[in-house]
Amino acid sequence: MAQTLNTGWAVDWLRRSAAVVAENRVMLIELDREIGDGDHGENLDRGFSAIVAKLDEESPATPGAAFKLAAMTLMSKVGGAAGPLYGTAFLRAATAVGDADELDSGLLSAALAAARDGVVARGKAEVGEKTMIDAWTPAVDAAAAAAANGLSPAQTLAAAASAAQSGAESTDPLIARKGRASYLGERAIGHRDPGAASSALILQAAADAAAGAGA
Ligand code: ADP
Ligand code: MG
């Protein structure tokens, strides 16, 4: 089992993210229609399709370059709250990995933490406020624990993805305190946060790409 992931994994993650966002576009639109304005699936699909178009034209040299390409594309193509938040997440991940060619579990876990910290710096959300942070923070904690226990990159990302999914599910009974859904008060109860749902899908794509890479 490989102990590191490379640029091929990073590119595969982005391509798998685009595929899973496209497959779940309607689901994400419907979640956002319940507690927002219905554009989340459309926004992300546009952004990740543009990432795939760029990856068809240019080959990033490092995982960090792939994350930076994703960040720039998401920031320029995706409006609303999620574009700048996801863009910041990928940009911080790019900075965290620097120009490394290979990412081990520790560096992957640090990159996820940096991504989450970027979303917090930008959106100021805490866990329990019914945002994508409710998926990201458990994912970061699970990845840190997995890396500290010497698990492989694929196992580390699988732990993160599974925690993100539980985290997304944990938003169902919450009242939103940030973003558009916060205007709804108690009417947001019983609905899953769309950004938490998309974050879980994207982190699962990272784990699937790692499993595919035999890491
Ligand atoms: P908009 O709300 O502008 O229509 P999107 O629908 O694309 O943007 O994204 C909505 C998602 O963005 C929410 O489901 C939530 O997860 C996330 N979000 C909104 N505000 C914040 C924030 N301050 N911090 C973290 N995430 C946020
Ligand atoms: Mg929206």
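1. Ligand 1 sits in the largest pocket of this predicted model. Pocket here means an open set of points on a 1 Å grid over the protein atoms alone, with protein on both sides within 12 Å along at least five of seven lines; a molecule sits in one if more than half of its atoms lie within 2 Å of its grid points.

2. Now the shell. There are 20 residues around ligand 1, and Ala 81, Gly 123, Met 132, Asp 193 and Gly 195 come nearest (near: a heavy atom within 4 Å). The shell splits into 7 nonpolar, 7 polar and 6 charged residues, with Gly counted as polar and Ala and Met as nonpolar.

3. On to polar contacts (N or O pairs within 3.5 Å). The side chain of Asp 193 puts an N or O atom 2.5 Å from an oxygen of ligand 1. Asp 37 has a polar side-chain atom 3.0 Å from a ligand 1 oxygen, while Met 132 uses a backbone N or O atom, also at 3.0 Å from an oxygen of ligand 1. The protein covers 92% of the 560 Å² of accessible area that ligand 1 has on its own (Shrake-Rupley, 1.4 Å probe).

4. Which helix gives the most to the shell around ligand 1? That's H9, with 3 residues. Helices H3 (40–57), H5 (82–97) and H9 (194–212) each supply at least two shell residues.

5. As for the fold, the protein chain has 9 helices and 0 strands (DSSP runs of at least four residues for helices, at least two for strands). Its radius of gyration, over C-alpha atoms, is 16 Å, close to the 17 Å from the globule rule for 215 residues, so the chain is as compact as a globular protein of that length. The rule is 2.2 Å times the number of residues to the power 0.38.

6. Housekeeping: residues are numbered from 1 along each chain as written, with chains lettered from A and ligands numbered from 1 in written order. Local features need pLDDT of at least 70, side-chain atom pairs 80 or more, and totals for chains, interfaces and linings use all residues, while side-chain values use heavy atoms, without hydrogens and water.

Note on methods
Polar contact = N/O pair within 3.5 Å; in protein donor to acceptor, adjacent residues only side chain to side chain. 1 Å grid on protein atoms, 1.4 Å probe; cavity = no way out; pocket = protein on both sides within 12 Å on 5 of 7 lines; lining within 4 Å.
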